[in-house]
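Subject: Structure handover

Hello,

Please find the structure below.

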Amino acid sequence: MAVPLDCIYGINPVFEAVRAGRRQISRVWLNKDGGNNPRLRKLAQFLDSRQEPVAWVDRAALFELCGTREHQGVVLEASAFEYTPFADMLESPRLVLLDSIEDPHNVGAIMRTAEALGWGDVLLPRRGSPLILPSVAKASAGACEYLRIAVNCSANQYMKIAQEAGYAVAALDGSGKVSLEDVRAAAPAKLLLVVGGEDSGVSQFIINNAEYVVAIAQKGRINSLNASVAAGLALYVLG
């Protein structure tokens, strides 16, 4: 049976996909007119040191491969991202659940921050959130290659299983009566942070059953935060 393949694009995502070593690399295409780009030259040298198969093509061919002009002069064909069973994550002290976040850029940005701040385990609902598509890999700057990511359950099921395994649940919601600092002071040994989409937010079931419903205090006139920004603040304070 043929192995599913992804076409990953962008300098950082390709570099990290190769460096992480989780995927089987089939081929890398580089822009033959990108010789003046120092980042592309550095990537080409790295690929050569790893003895990865490289083809030099024009920008039109790169666009045909990945369907976007955001390729930054490189496209990599590799095996599809391998997900981690949720059960394998239940000893981790920190989990982050993305509930109904549909924008791949937000999902990728949260993963980039999570990896940088040491949150190594991310839960995606099996419906309602993008999987690790090339657009998510690009938005994460390749950080997804170092994360364990589960897609086993619905958001509500993740929460129920986590609570049974001893996790306290902190759900971000503007109507919350608890601060991030309050949760940090409580210092739960195992914490599941839930971040909702900008339109629908965290599900009402999770809000009703979470140990902490957390609002991020704001002082400005615009009373909202982008989902990835709110997640970044929570990941930093609660990490």
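Helices (H or I, at least four residues) and strands (E, at least two) are DSSP runs, numbered from the N terminus. This is a predicted model, in which local features need pLDDT of at least 70 and side-chain atom pairs count only at pLDDT 80 or more, while totals for chains, interfaces and linings use all residues. Residues are numbered from 1 along each chain as its sequence is written, and side-chain values use heavy atoms, with hydrogens and water left out.

Two loop residues

Gln 51 sits in the loop between α2 (38-49) and β3 (54-57). Its phi is positive, about 55°, although Gln 51 is not a glycine. Gln 51 is exposed, because its relative accessible area is 72%.

Gln 72 also has a positive phi, near 55°, and is a residue other than glycine. Gln 72 is in the loop between α3 (59-66) and β4 (74-79). With a relative accessibility of 33%, Gln 72 counts as partly exposed.

Helix α1

Which residues of helix α1 are buried? In this helix, residues 11-20, they are Ile 11, Pro 13, Val 14, Glu 16, Ala 17 and Val 18. The elements that cover them include β1 (5-9), β2 (25-31), α2, β4 and α5; contact here means heavy atoms within 4.5 Å. After α1 comes Gly 21, with a positive phi near 75°.

The cores

In soluble globular proteins, nonpolar side chains tend to be buried together. A nonpolar core is a set of buried Ala, Val, Leu, Ile, Met, Phe, Trp, Tyr and Cys residues joined through side-chain atoms within 4.5 Å. The largest one in this model has 35 residues, and Leu 98, Met 111, Ile 149 and Leu 193 have the most contacts inside it. Two or more residues each come from β5 (94-99), α4 (104-116), α5 (134-139), β8 (168-172), α7 (180-186), β9, β10 (212-214) and α9. Of these, α9 gives the most, seven residues. A second, separate core has 22 residues, among them Leu 123, Ala 150, Tyr 158 and Val 169.

Not counting residues up to four places away in sequence, Met 111 touches Val 122, Leu 124, Ile 132, Val 136, Ser 140, Ala 143, Cys 144, Leu 147 and Ile 149. Val 107 is in helix α4 and is buried, with a relative accessible area of 0%. With the same exclusion of residues up to four places away, Val 107 touches Leu 98, Ile 101, Leu 124, Pro 130 and Val 136.

The cysteines

A disulfide is a covalent bond between the sulfur atoms of two cysteines. In the search, a disulfide is a pair of cysteine sulfur atoms within 2.5 Å, and the whole structure has zero of them. Cys 144 is in no disulfide either; the nearest cysteine sulfur, in Cys 7, is 15 Å from it.

Cys 7 is partly exposed at 22% relative accessibility, Cys 66 counts as buried at 18%, and Cys 144 is buried at 0%. Cys 66 lies in helix α3 and, leaving aside neighbours within four places in sequence, is in contact with Tyr 9, His 71 and Val 75.

The largest pocket

Rolling a probe the size of a water molecule over the atoms shows where empty space is left. On a 1 Å grid over the protein atoms alone, a pocket is an open set of points where a 1.4 Å probe fits, with protein on both sides within 12 Å along at least five of seven lines; lining residues have an atom within 4 Å of a point. Grid points are joined across faces, edges and corners, and a volume is the space filled by probe spheres set on the points.

The largest pocket has a volume of about 460 Å³. Its lining has 19 residues, and the closest to its centre are Leu 172, Asp 173, Gly 174, Leu 225 and Ala 230. At least two lining residues each come from β9 (191-196) and α9 (227-238). By class, nine lining residues are nonpolar, eight polar and two charged. Here Ala, Val, Leu, Ile, Met, Phe, Trp, Tyr, Cys and Pro count as nonpolar, Asp, Glu, Lys and Arg as charged, and the others, Gly among them, as polar.

Regards

How values were computed: Buried means under 20% relative accessible area, exposed over 50%, partly exposed in between (1.4 Å probe, protein chains only).
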